[in-house]
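Subject: Structure handover

Hello,

Please find the structure below, followed by notes on what was found in it.

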Amino acid sequence: MELSLEIKPFSFELVKPLNTSKGIINKKEGWLLNVQDETGKNGWGEIAPLNQHEMSECENLLNNLEKKLSKRQLEVKLLKSSGAFAFGIGAALAEIESLIDLDINNNSSTWLESAFLLPTDDSLISVLESKLNEQSAKDENITFKWKVACLPNEIEKKLLDKILNRLPSKARLRIDPNAGWDRKTAKDWVDYLVNESKLEWIEQPLSSSDLEGMTMLSKQIPIALDESLIDYPVLRQTWKSWQIRKPLLEGDPRQLLKELNDKVGYRVISSSFETGIGRRWTQYLATLQQQGPTPTAPGLGPGWCPNTPLFSDHPISVWNAA
Ligand SMILES: [Mg+2]
């Protein structure tokens with residue numbers, strides 16, 4: 001099967017900068033990909049890594065990509081790549097192969113209730129309170145995510161008490177140090193939170209290579225892996241507790257699609273701030289996750305991307321807006 005490829009760059013700024021222990025994210029850049037087969041069937045992809053090194057690698061790979069090639073040739077290129085590049089190609093191929101029909105449930109009105117990402121600046125408590133006030137009219141079944149290891153530890157420990165005191169009993173909290181703690185700090189937080197029913201999990205407390213440390217912690221409370229799953233993909237098969245899966249960063253999405261179709265549990269779908277083309281995937285996979293054995297709120301980062309046609313549900317509008 002002969003395929004034609006078109007590539008278009010895009011960039012956008014987040015509504016507000018996001019602080020993490022690894023630095024500030026304030027914009028996203030990447031490429032949209034349109035693959036068409038001989039019958040005119042479209043497959044759409046998005047290639048948008050978060051780190052600069054991978055951006056340059058993707059740019060090289062895209063510069064060397066023929067504009068006309070067979071499906072087999074494209075599969076071979078995908079096999080030799082990883083991460084964001086492999087997502088973009090695999091996503092487009094999955095659509096060409098009709099493995100997935102992304103237009104079925106991609107309607108903003110049916111979006112899932114996502115975990116709410118709290119800010120890390122001085123507005124934290126007031127944002128939490130206003131979200132809880134807004135929510136109390138509905139129900140209290142809400143999940144918050146809080147990124148830590150951004151401020152001095154003593155300040156964050158005090159903020160933790162303030163957050164927990166304000167959360168209603170049905171609310172849940174995910175704490176994400178983004179690999180920013182050492183073992184001692186992590187142990188201190190885990191000991192403090194061990195009987196805390198509002199804690200859903202701690203996400204990637206230690207550096208991505210410290211599997212031994214995280215295995216020890218996970219004997220006390222739920223530990224979700226995130227960065228480790230990108231750096232050591234084999235852990236996607238072996239880590240039995242929660243896995244934060246970022247489809248746009250982890251590679252060919254057909255693997256994750258299969259896991260979710262096979263009803264493998266303890267997966268959570270997480271956004272890496274994608275355009276409407278990537279979001280069709282995160283939304284679809286998050287819906288599948290909810291239908292699996294361990295439904296929980298996805299991390300779709302609502303409210304962090306601007307409200308423009310680049311975030312439309314319709315790939316052609318996204319393409320034209322890039
Ligand atoms: Mg994380």
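On the α1 side the contact is made by Glu54, Cys58 and Leu61, and on the α3 side by Gly83, Ala84 and Phe85. Please note that the model is a predicted one.

Helix α3 also packs against α2 (residues 71–79), here at an angle of about 150° and with the axes 9 Å apart. Angles over 145 degrees count as roughly antiparallel, so α2 and α3 are roughly antiparallel to each other. Their crossing is left-handed. Leu74, Lys77 and Leu78 are the α2 residues that meet α3, where the partners are Ala86, Ile89, Gly90 and Leu93.

The buried residues of α11 are Pro253, Leu256, Leu257 and Leu260. They cover an arc of only 105° around the axis, which puts them on the same side of α11. These buried residues pack against α3 (83–96), together with β10 (243–245), α10 (247–250), β11 and α12 (276–290).

What follows α11 may be worth a look when you check backbone torsions. Most residues other than glycine have a negative phi. Just after α11, Lys263 takes a positive phi of about 60°. Lys263 sits in the loop between α11 (253–261) and β11 (267–269). Tyr266 lies in the loop between α11 and β11 too, and Tyr266 also has a positive phi of about 60° although it is not a glycine.

Tyr266 has 16 other C-beta atoms within 10 Å and is partly exposed.

Another loop position is Pro177, between β7 (172–176) and α6 (183–193). The threshold for buried is 20 or more C-beta neighbours; Pro177 has 23 inside 10 Å and therefore counts as buried. Which residues does Pro177 contact, leaving aside its neighbours within four places in sequence? The contacts are Ser21, Val148, Ala149, Gln204 and Pro205. Lys22 is 155 residues away from Pro177 along the chain, yet the C-alpha atoms of the two are separated by 9.3 Å.

As for the protein as a whole, there are 13 helices and 11 strands. The radius of gyration is 20 Å, close to the 20 Å that the globule rule gives for 322 residues, so the protein is as compact as a globular protein of that length. Along the principal axes, the C-alpha atoms fill a box of roughly 60 × 45 × 35 Å. Of the 322 residues, 40% count as buried. Among contacts with a separation of 6 or more, 68% are between residues 24 or more positions apart.

If you want to go through this on screen, the α3 contacts are one place to start: Leu61 of α1 is one of the residues that make the contact with α3, and Leu78 is among the α2 residues that meet α3. The loop with Lys263 and Tyr266 could come next, and then Pro177 with its contacts, including Ser21 and Pro205.

Regards

Notes: Residues are numbered from 1 along each chain as its sequence is written. This is a predicted model: local features need pLDDT of at least 70, side-chain atom pairs count only at pLDDT 80 or more; totals for chains, interfaces and linings use all residues. Helices (H or I, at least four residues) and strands (E, at least two) are DSSP runs, numbered from the N terminus. A residue is buried if 20 or more other C-beta atoms lie within 10 Å of its own, exposed if 12 or fewer, and partly exposed in between; C-beta atoms are placed from the backbone. The radius of gyration is taken over C-alpha atoms; the globule rule is 2.2 Å times the number of residues to the power 0.38. Two residues are in contact if their C-beta atoms, placed from the backbone, lie within 7 Å. The arc is that of the directions from the helix axis to the C-beta atoms. Axes are lines fitted to C-alpha atoms, for helices over the stretch in contact, and angles run from 0 to 180 degrees between N-to-C directions. Angles under 35 degrees count as roughly parallel, over 145 as roughly antiparallel, 65 to 115 as roughly perpendicular and the rest as oblique. A crossing is left-handed if the near helix is turned anticlockwise from the far one by less than a right angle, and right-handed if clockwise.
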